[in-house]
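Work through the exercises below with the model open beside the text, and try each task before reading its solution.

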Amino acid sequence: MDTRLLDILVCPICKGPLEHDKKAQELICNADKLAYPIRDGIPIMWADQARDLAAAAPSSN
């Protein structure tokens, strides 16, 4: 993933910064708890393609 591209990409929902998870090949929005996939080096910035991190988190019961 090109670092210059990472500097200008923002979350399409909240317009906040994204964090690159190289291992999972995802861009993470911590504010919205969403992970956008990177497929063949191309970030897929559609909300309906994002993985919900809140749903994947273990409950604290």
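**Exercise 1.** How many bridges join β2 to strand β3 (residues 34–39), and do the two run parallel or antiparallel?

*Solution.* The structure is a predicted model, in which local features need pLDDT of at least 70, side-chain atom pairs count only at pLDDT 80 or more, and totals for chains, interfaces and linings use all residues. Residues are numbered from 1 along each chain as its sequence is written, and side-chain values use heavy atoms, with hydrogens and water left out. Strands are DSSP runs of E with at least two residues, helices are runs of H or I with at least four, and both are numbered from the N terminus; two strands pair if DSSP finds at least two bridges between them. Between β2 and β3 there are four bridges, and the strands run antiparallel. Within this pairing, L27 has Y36 of β3 as its bridge partner. The two strands form a hairpin with four residues between them, and K33 in the turn has a positive phi of about 55 degrees.

**Exercise 2.** Is E26 buried or exposed, and with which side chain does its own side chain make a polar contact?

*Solution.* First locate E26, which lies in strand β2. Its relative accessible area is 10%, so E26 is buried. On one side of β2 (residues 26–29) E26 and I28 are buried, as are L27 and C29 on the other, so that both faces of the strand are covered. The side chain of E26 makes a polar contact with that of R51 at 2.7 Å (a pair of N or O atoms within 3.5 Å; within protein, one must be able to donate a hydrogen and the other to accept it, and residues adjacent in sequence count only if both atoms are side-chain atoms). Finally, leaving aside neighbours within four places in sequence, E26 is in contact (heavy atoms within 4.5 Å) with E19, H20, D21, A35, Y36, P37, I38 and R51.

Methods
Buried means under 20% relative accessible area, exposed over 50%, partly exposed in between (1.4 Å probe, protein chains only).
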